[in-house]
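Dear colleague,

I am passing on the structure below, together with some notes on what was found in it. Please read them beside the model.

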Amino acid sequence: MTSSVLSIRFATLWRIAVICVALTLATLARAATPATDTARAATLYHNYCSVCHGDKGDGKSRASGSLSTAPRDFTSEASRRELTRERIALAIAHGRPGTAMVGWKTQLNAEETKALARYVRTQFVEKSGEDATRRGRTLYGHHCASCHGPVGRGVEASAAREGVKPAPD
């Protein structure tokens with residue numbers, strides 16, 4: 001083979017290699033891991049939210065005493081009932097009229113707002129109910145399940161199978 005043919009083949013292989021590397025890097029840049037997303041959202045929460053809502057999301061913060069209205073306690077029962085990810089995202093973007101909560105739409109893009117809303121919902125709103133649920137299941141298991149069964153149907157309970165009849169109503 002002549003040197004010009006080798007040069008053309010080398011140049012072609014080089015272009016293919018560069019394209020493969022570029023595609024791989026682009027794919028890696030787009031594919032953020034959940035751990036990375038959570039860490040990024042935690043940083044956003046720390047930078048934009050914790051000064052008012054507190055590090056634990058309970059509204060107890062360094063600034064809470066100086067605000068005209070108390071910051072939202074994300075760990076409360078009311079928050080579990082009322083706050084969806086969409087509602088949290090709207091509050092992040094547009095603020096809450098009549099409160100110290102300002103909108104962050106000029107500082108946070110749509111993706112950051114969604115990530116932050118997801119973080120608040122999963123880390124504070126949903127987790128606050130997990131402890132109460134766990135305690136309730138434990139209490140039920142210790143004091144109720146022997147008569148009422150594991151899911152509260154009673155008839156399936158071991159006491160019913162052993163011939164123990166429930167008291168009349």
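Ile-88 touches Leu-83, Ala-117, Val-120 and Arg-121, leaving aside residues up to four places away in sequence, where a contact means heavy atoms within 4.5 Å. This is a predicted model, in which local features need pLDDT of at least 70 and side-chain atom pairs count only at pLDDT 80 or more, while totals for chains, interfaces and linings use all residues. Residues are numbered from 1 along each chain as its sequence is written, and side-chain values use heavy atoms, with hydrogens and water left out.

Ile-88 also belongs to the largest nonpolar core, which has 17 residues, and is listed with Tyr-45, Phe-74, Ile-92, Leu-116, Val-120 and Phe-124 as touching the most other members. Such a core is a set of buried Ala, Val, Leu, Ile, Met, Phe, Trp, Tyr and Cys residues joined through side-chain atoms within 4.5 Å, and buried means under 20% relative accessible area (1.4 Å probe, protein chains only). At least two residues of this core come from each of α2 (34-48), α5 (85-94) and α6 (110-143), and α6 gives the most, with 7 residues.

Ser-79 lies in helix α4 (residues 77-82) and is buried, with a relative accessible area of 0%. Its contacts, again not counting residues up to four places away in sequence, are Arg-72, Asp-73, Phe-74, Arg-121 and Val-125.

As for the whole protein chain, there are 8 helices and 0 strands, helices being DSSP runs of H or I with at least four residues and strands runs of E with at least two, numbered from the N terminus. Of its 169 residues, 22% count as buried.

Best wishes

Notes: Buried < 20%, exposed > 50% of the residue type's maximum accessible area, 1.4 Å probe, protein only.
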